[in-house]
Amino acid sequence: MVGLKPSDVPPTTAVKFLGAGTAACFADLLTFPLDTAKVRLQIQGENQATQAARRTQYRGVLGTILTMVRTEGPRSPYNGLVAGLQRQMSFASIRIGLYDSVKQFYTPKGSDHSSITTRILAGCTTGAMAVSCAQPTDVVKVRFQASIHLGAGSSRKYSGTMDAYRTIAREEGVRGLWKGTLPNITRNAIVNCAEMVTYDIIKEKLLDYHLLTDNLPCHFISAFGAGFCATVVASPVDVVKTRYMNSPPGQYRSPLDCMLKMVAHEGPTAFYKGFTPSFLRLGAWNVAMFVTYEQLKRALMNVQMLRESPF
């Protein structure tokens with residue numbers, strides 16, 4: 001057995017909720033520069049009117065990160081990290097931590113296994129619930145990641161995370177904090193289904209066919225497959241979401257208008273801008289998150305059982 005041994009008692013909903021949020025924060029700490037590189041590549045070509053956009057060109061994942069470090073400083077790949085961690089604690093806790101509970105709710109009584117339709121429905125439900133709660137944190141995270149700061153002569157729009165929430169609400173109204181909710185719900189419903197359902201099915205088949213036991217290698221393979229599937233199906237919606245959430249008021253009338261302008265000005269390949277960092281980020285994020293999540297669930301249940309033990 002590689003890793004902690006599964007507890008005899010299934011993990012509670014509270015353990016899954018806390019474990020998912022904590023594991024997601026850990027995964028974000030490891031992969032945040034890849035996410036920032038993805039955002040910069042996705043918005044590149046969107047607004048060539050600014051001098052900063054003309055001077056700063058990004059090529060590839062590593063090139064984007066190195067360019068940011070060279071022109072904006074070593075901390076720039078972690079712009080928006082605080083909002084990112086706030087997002088994961090509220091977002092991942094719901095969409096991942098509540099997935100099993102919602103899946104069981106949709107599963108007919110007496111069924112031994114949940115159908116693919118039931119799993120997809122559960123993924124869509126928890127994904128939509130999570131976005132409804134965590135959307136403001138996502139807006140602020142994207143704004144920080146997309147902002148270009150070129151030294152002392154360049155002013156920052158937001159002095160900090162809390163200032164960003166206040167400024168957006170003051171300048172764009174409270175609705176500004178929920179800007180891009182529809183494409184984000186669409187994107188995260190797709191991502192959540194691809195991640196959770198793929199992870200669920202791969203892990204189940206590996207165990208059913210006795211290819212692996214319920215340990216770290218099984219979790220690693222399942223998580224890697226989940227990350228790849230999620231990237232392929234969600235990349236177009238992710239690009240539209242990033243463009244729309246980062247846009248100034250009036251640039252796009254709606255997410256659909258944003259999508260149509262992208263196709264007209266940049267062609268359909270624009271939907272897969274930043275695909276490589278998206279895959280590297282989602283693949284690495286899923287591996288780090290699911291492996292940590294599985295171990296945290298077991299550790300938390302062991303602690304809970306020890307506390308409840310009379311000896």
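With 311 residues, a compact globule would have a radius of gyration near 19 Å, and the protein chain agrees with this because its own value is 20 Å. The radius is taken over C-alpha atoms, and the globule rule is 2.2 Å times the number of residues to the power 0.38. This is a predicted model, in which local features need pLDDT of at least 70 and side-chain atom pairs count only at pLDDT 80 or more, while totals for chains, interfaces and linings use all residues. Residues are numbered from 1 along each chain as its sequence is written, and side-chain values use heavy atoms, with hydrogens and water left out.

The protein chain has eleven helices and zero strands; helices (H or I, at least four residues) and strands (E, at least two) are DSSP runs, numbered from the N terminus. Of the 311 residues, 52% count as buried, that is, under 20% relative accessible area with a 1.4 Å probe, protein chains only.

The largest nonpolar core has 21 residues. Such a core is a set of buried Ala, Val, Leu, Ile, Met, Phe, Trp, Tyr and Cys residues joined through side-chain atoms within 4.5 Å.

Met289, one of the residues with the most contacts inside the core, touches Ala23, Ala24, Ala27 and Ile96, not counting residues up to four places away in sequence; contact means heavy atoms within 4.5 Å. A second, separate core of eleven residues includes Tyr158 and Leu177.

Terms used:
Buried < 20%, exposed > 50% of the residue type's maximum accessible area, 1.4 Å probe, protein only.
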